[in-house]
Amino acid sequence: MVKLNILLALILITSALGVVTSQHKARSLFAALESEHETARQLDVKWGQLQLEQSTLAMHGRIEQIARTKLNMKAPSESRVQIVTAAHPVDAGENSAGERMP
Amino acid sequence: MTHYSASNITMSAWRSRILLAMLLIGLLGLVGRAAYLQGMKNDFLRQEGESRYSRIVETSVNRGMITDRHGEVLAISTPVASVCANPREMDASNEQLENLAALLEMDVTEIQKRIADKRRGFVYLKRRVLPESADDIANMNLPGVFLKNEYQRFYPAKEMAAHVLGLTDIDDQGQEGVEREWQEKLASGLGKRRVIRDRKGRIVEDVEKIQALRQGQDLILSLDSGIQHLAHSGLKHAVEAHKAEAGSIVVLDAQTGEVLALSNLPVYNPNRRATINDANRRNRALVDTFEPGSTLKPFAIAVAMEVGQVSPDTIVQTAPGTFKVGRATIRDVKDKGKLSVAQVIQESSNIGTAKIALSLPAQTLWEIFSRSGFGVPAGIGFPGEAKGELRPYSTWRPIEQATMSYGHGISVSLLQLARAYTLFTTGGELKPVSLLKKNVPVMGQQVISRSTALAMSNMLELVTQPGGTAPLAQVNGYRVAGKTGTAHKLINGRYAEDRYISSFVGYAPVSSPRLIIAVMLDEPSAGQYFGGAVAAPVFNKVMTGALRMLNVPHDAPANNIVRFPATLEVEVGG
């Protein structure tokens, strides 16, 4: 009877320690998860800012202005445009357009 | 020397009794206290205990993004910090306050005023500060001053798409435009949960979710920011060159009715709210109506063809350039003599159109207008969308029936007008308009037969050909069809003699239409005012650029442009 009690007490102590350790492990893992979540949030914010920056820099008006003023580019005038019809139509759209040519 | 053994020492019995009694009293006191705390104050203490380690944490996400059809960002929220204070906890020296004021770019007295009321637990010192100054303020570690994370909405396209997108207020609620209409979808909600923190402040356990985080969804519009830019800059150029009061432009996909571009002037920059006023916040193309003038003629004539009243070759006598209906007189710019129906459209003859319209029952004419979408909102799902005025035919007098056929006595919004032209680009169908990107073919409602639509399309093409009113609308390498409109402006119920609304609605390529562009300029006052001279060049510029951008196959040889003087047109209201 005494032996059994001692055995049970030992099991009790082991499982109690087990609970404590696993609780501790769970908490530290959870903390790690939380900090990863936080990193994800920060990256998300950063992504948003980069998107904003990209769209501001790539705005059509800005590109047009740089092309015109800094690079001295311009759209070709009508007289300098040649329209080439595909000899071997690649798709239906071009084909039908080709046929409709007056 | 006397020795006493220990047993010989006797103490009086009362001393031990007193000791015992005191111990018992002490014990009783403890038991009583324990019972009191455990029993009666249990809840309160448990709560206090929990509050030492459990916290409610709020998480927020940004409002959904708005992008154009290719995913280019048109509106995006990014976190910024607002500086707040708790006046009760504030305890800053004057020097510290001055530093704070410098960082906030505010007056010290202003800050002092805000924190003067010690009864309040929360005031904003400044909302939405730059991230750098927010960091500096956090580093100052002033008691009672803290930062609150908020989101600010940015519009990279600035004024270009301002009217379509609309605005959000400072609390991220949509106030106008798309932001307001799709508020439910875009809005994000604060998430709240209870967590347990350890002594280092790390979250170690999730206890319960109090409020689920609501992620704002992204919205993909039908707009094409390339075309939107072309349209906006083309319109801006024309409004400035012709000293117009205002102007609008709408670009529709000719097959699906999607709005590819929509712009109005004057406009504001949504990133600078101070620039907003009543005049520049109106989305004129949607909420304002105007008498469209000649751009409505194709509908009256199409229905006459539909019922078999006329064919494109039918001859109409327009001599002597005036035509009396009741007591009123309808005029053409000059005596055009005998015209075919095609020429009535091409040269924009009021008399020709009125005569054809008067040969029809009023109900027939009303039906074509109504079924073309006039008099009802275009259904784009926009706050304050105009429906225009189309009175019931039973109240029409003959002169009204005549003037309505050429666009007077009826009012429409520019979007309705552009939409109505889908009749001629889709073989007779009226397509629904949409601001959201469509991924499936859109079903329309058949209004006129395919053959009528094609015949009308051929006549509208003549408008840009020699003898027509819009030579400047021609596009290199493409066949273009359209109709000009020049109408006296209606001011206080009377037609102003020298103020006009000039418009042009057209589409290209005629063989397989891709785009409809409607342009309207209000009161051009730099000399020219004919739709063909003022609005058609805008159409040309935007159409040329947009067709190239979309890589639309050519349906005409290069250098197909014919130079000729425009046939003049002007309508005089009845």
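User: What makes up the secondary structure of chain A in this predicted model?
Analyst: The secondary structure of chain A comes to 3 helices and 0 strands. Read from the N terminus, the order of the elements is α-α-α.

User: How do you know how many of the residues of chain A count as buried?
Analyst: A residue counts as buried if 20 or more other C-beta atoms lie within 10 Å of its own C-beta atom. Of the 102 residues of chain A, 2% count as buried.

User: What does the same test give for chain B?
Analyst: With that cut-off of 20 or more other C-beta atoms within 10 Å, 46% of the 574 residues of chain B count as buried. The secondary structure of chain B consists of 20 helices and 19 strands.

User: How do you know which residues form the contact between chain B and chain A?
Analyst: Two residues are in contact if their C-beta atoms lie within 7 Å. The contact takes 29 residues from chain B and 25 residues from chain A. On the side of chain B, strand E3 (73-85), strand E7 (203-211) and helix H9 (225-241) each supply at least two residues.

User: What classes of residue make up the side of chain B that touches chain A?
Analyst: That side of chain B divides into 14 nonpolar, 11 polar and 4 charged residues.

User: Which domains does the assignment give for chain B, and how far apart do their centres lie?
Analyst: The assignment gives domain 1 (58-220) and domain 2 (225-549). The C-alpha centres of these two domains of chain B lie 46 Å apart.

User: What makes up the contact between domain 1 and domain 2 of chain B?
Analyst: Domain 1 of chain B gives 22 residues to the contact and domain 2 of chain B gives 19 residues. On the side of domain 1, the elements that give two or more residues are helix H6 (162-165) and helix H7 (177-181) of chain B. By class, that side of domain 1 has 12 nonpolar, 2 polar and 8 charged residues.

User: What share of the contacts in chain B joins residues 24 or more positions apart?
Analyst: Such residues account for 72% of the contacts in chain B with a separation of 6 or more.

Technical notes:
Residues numbered from 1 in each chain as written. Chains lettered and ligands numbered in written order. Predicted model: local features only at pLDDT ≥ 70, side-chain atom pairs only at ≥ 80, totals over all residues. Domains from an automatic or database assignment. Helix = DSSP H or I, 4+ residues; strand = E, 2+ residues; numbered from the N terminus. Nonpolar A, V, L, I, M, F, W, Y, C, P; charged D, E, K, R; others polar. Buried ≥ 20, exposed ≤ 12 C-beta atoms within 10 Å, placed from the backbone.
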